[in-house]
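The sequence and structure come first.

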Amino acid sequence: MPHRASPHPTHERDSPAALELDSVAVEIAGSQILHDISLSVRTGEVVSVVGPSGCGKTTLLNVVAGLVPVSAGTATVDSAPITGPGPDRTVVFQEDAVFSWMTVAQNVAYALALRRTPADEQRRTVTDLLELVGLGGRGAAWPKELSGGMRKRVDLARAFAARPKVLLMDEPYAALDQMTKQRLQQEFRNVVLSRTTTSMFVTHDLEEAIYVADRIVVMSASPGRIAAVHDVPFGRDRSPGIRTSAAFQDLRRTLMAAFEEAEAA
Amino acid sequence: MTTTTPAHRTHHVERARSGRAPATWGRKALVPLAIVVLWAVVTETRLVAALFLPSPSDLVESFGDLRAQLLPALASSVGMTLSGFALGAALGVTMGLLMAYSAIARDLFGGILDFIRPVPVFALIPLFVLWFGIGRAPQITLIALGTSVVLGVTTLSAIRNVSPVHVKAALTLGATRWDVYRTVVVPSILPHLLGSIRVAAAASWGLDVAAEFLGAQSGLGYLMINRQQYLDTAGIVLIVLIYSTLALVLDLAIRKAEGPATRWTDRSSATGPVAGLLGAD
């Protein structure tokens, strides 16, 4: 499916594709999970992927993460084919993936430590990122001392610290309460905007999909394929107030219809 | 999100715990103290014959009699047990780690380990005496075998329980297979492993006693059999108490070492999460 140019200035209209999926198919144990997925995500663009459960949205994210190989088609990041997991495509998982045996700071610095980044640079990055996700000064804490929402912030900071070309979000906030979720969505926006970041955000929450993304891909199941693509009519900065705006609710209704259609198909 | 920070909460718990400490200690000492008093009363008054249960003063007397033999026996048993345990622990943990890392190691050792695991090690003592004769070699081998099998199996099962999402997270953050092993697998199994090491350490004293019963010429267990032949119950009880003390000291030493490695877990507190939930008065 050819991508539609977004009419909004969240990113350059002609900025290069950071992530390019071309006729991707995935077959696992003889059953077709993904069928003919073509999608191109521009540098700096946030694309959310929604769809009924079982539509393969997490599999799609795992293809980009390099955790699931494609059976047909090509998947490239900055024109380089994806052959396995790597720090240019970090993931925030739905499950709690914070390393509980490391302090918050050690968690955030993990990818940097693997690269042998100089210690003072690691420390600077950790301090900045913890500040950005609202965990300033909590670097020495153990994960067991943090709430679920705080641990998700550590996860995001750790994934972002690796400076990925594509940041992958796999229903990261599904298990959190509404208030915490909204705050984390806002922080996600702040983090993503703090540096040009391309992101794929998988969720089953339509409101979340609209709030965080520049473009929304609706998938349908058996086999998983792209049913529709919608642009989000909001710019870079998103105050919490947009959630109640008419444009937001209109898009929500449109997506709901597309979602139901996808589910029926 | 609540505004109470967990740090504050921990602080409260700590304060509550330390405030309760004297009362808790008194309560904990009550039952052991009662047993000791009861023991002293029934034995010192000869309500129970010294042949069945010696009195505290019998033990002191026996200690005087056995002093010359006790020290070399103690040195011998401690040496045997510690070397057997250290050898077995090193072997078992290494085997478990190797099996987790490489499929070849798993194929090579996995089958044999599953085969040996259900065999009661004590049942091998007659064979060991036959193969290795009487002396240090069979004793150390027996303790090492018992320890290594237990630790090999628990290490492997601990590794199988490592959370896949942690491994996936590490891989996507740029970790190599070796990095995952070093930074995820080993640290996350460490608390579990240290627990098993404590169990194995306790078991190794038992293996030492059994080995000395059946074929040693020195050590505390050998001395015990020797005392049995003289109907010296006081001497036997004295040696039992020495074994208990030794096992307790080794356990304390391991727990001391455990502290920094398990600080991050919920169970690093003495009571653990479940006791904390159920222990409310």
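## Contact between the chains

Across the interface of chain A and chain B, the rule finds 0 salt bridges. The model is a predicted one. Polar contacts do occur between chain A and chain B, with a count of 5 residue pairs, both residues at pLDDT 80 or more.

On the side of chain A that touches chain B, helix 3 (110–114), helix 5 (148–161) and helix 6 (178–193) of chain A are the elements that give two or more residues. Helix 5 of chain A gives the most, with 5 residues. By class, this side of chain A holds 19 nonpolar, 6 polar and 8 charged residues.

The size of an interface is often given as the accessible area lost when the parts come together. Chain A and chain B bury about 2400 Å² between them, and 69% of that lies on carbon and sulfur atoms. Of the area that chain A buries against chain B, 27% is supplied by A:W101, A:L114 and A:K144, more than by any other three residues. The contact draws 33 residues from chain A and 23 residues from chain B.

## Two helices of chain B

Within chain B, the axes of helix 2 (residues 56–101) and helix 8 (residues 220–229) come within 8 Å and cross at roughly 140 degrees. Because of this angle, helix 2 of chain B is oblique to helix 8 of chain B. The table lists the residues that make the contact.

| Helix of chain B | Residues in the contact |
|---|---|
| Helix 2 | B:L66, B:Q69, B:L70, B:A73, B:L74, B:S77 |
| Helix 8 | B:L220, B:G221, B:L223, B:R227 |

The residues of this contact between helix 2 and helix 8 of chain B divide into 6 nonpolar, 3 polar and 1 charged.

## Salt bridges and backbone details

Over all chains, the count by this rule comes to 20 salt bridges. One pairing is that of A:R215 with A:E45, whose side chains meet in a salt bridge at 2.6 Å, N to O. A:R215 lies in strand 9 (residues 215–220) of chain A and A:E45 in the loop between strand 2 (31–42) and strand 3 (46–50) of chain A, so the pair ties together parts that are 170 residues apart in sequence.

Strand 2 of chain A also contains A:D36. Phi of A:D36 is near 50 degrees, a positive value in a residue other than glycine.

The loop between strand 9 and strand 10 (225–231) of chain A holds A:P223. The peptide bond from A:S222 to A:P223 is cis, with omega near -15 degrees.

Note on methods:
Residues are numbered from 1 along each chain as its sequence is written. Chains are lettered from A and ligands numbered from 1 in the order in which they are written. This is a predicted model: local features need pLDDT of at least 70, side-chain atom pairs count only at pLDDT 80 or more; totals for chains, interfaces and linings use all residues. Side-chain values use heavy atoms; hydrogens and water are left out. Axes are lines fitted to C-alpha atoms, for helices over the stretch in contact, and angles run from 0 to 180 degrees between N-to-C directions. Helices (H or I, at least four residues) and strands (E, at least two) are DSSP runs, numbered from the N terminus. Angles under 35 degrees count as roughly parallel, over 145 as roughly antiparallel, 65 to 115 as roughly perpendicular and the rest as oblique. Contact means heavy atoms within 4.5 Å. Ala, Val, Leu, Ile, Met, Phe, Trp, Tyr, Cys and Pro count as nonpolar, Asp, Glu, Lys and Arg as charged, and the others, Gly among them, as polar. Buried area is the accessible area (1.4 Å probe) that two parts lose on being put together, summed over both. A salt bridge is a side-chain nitrogen of Lys or Arg within 4 Å of a carboxyl oxygen of Asp or Glu. A polar contact is a pair of N or O atoms within 3.5 Å; within protein, one must be able to donate a hydrogen and the other to accept it, and residues adjacent in sequence count only if both atoms are side-chain atoms.
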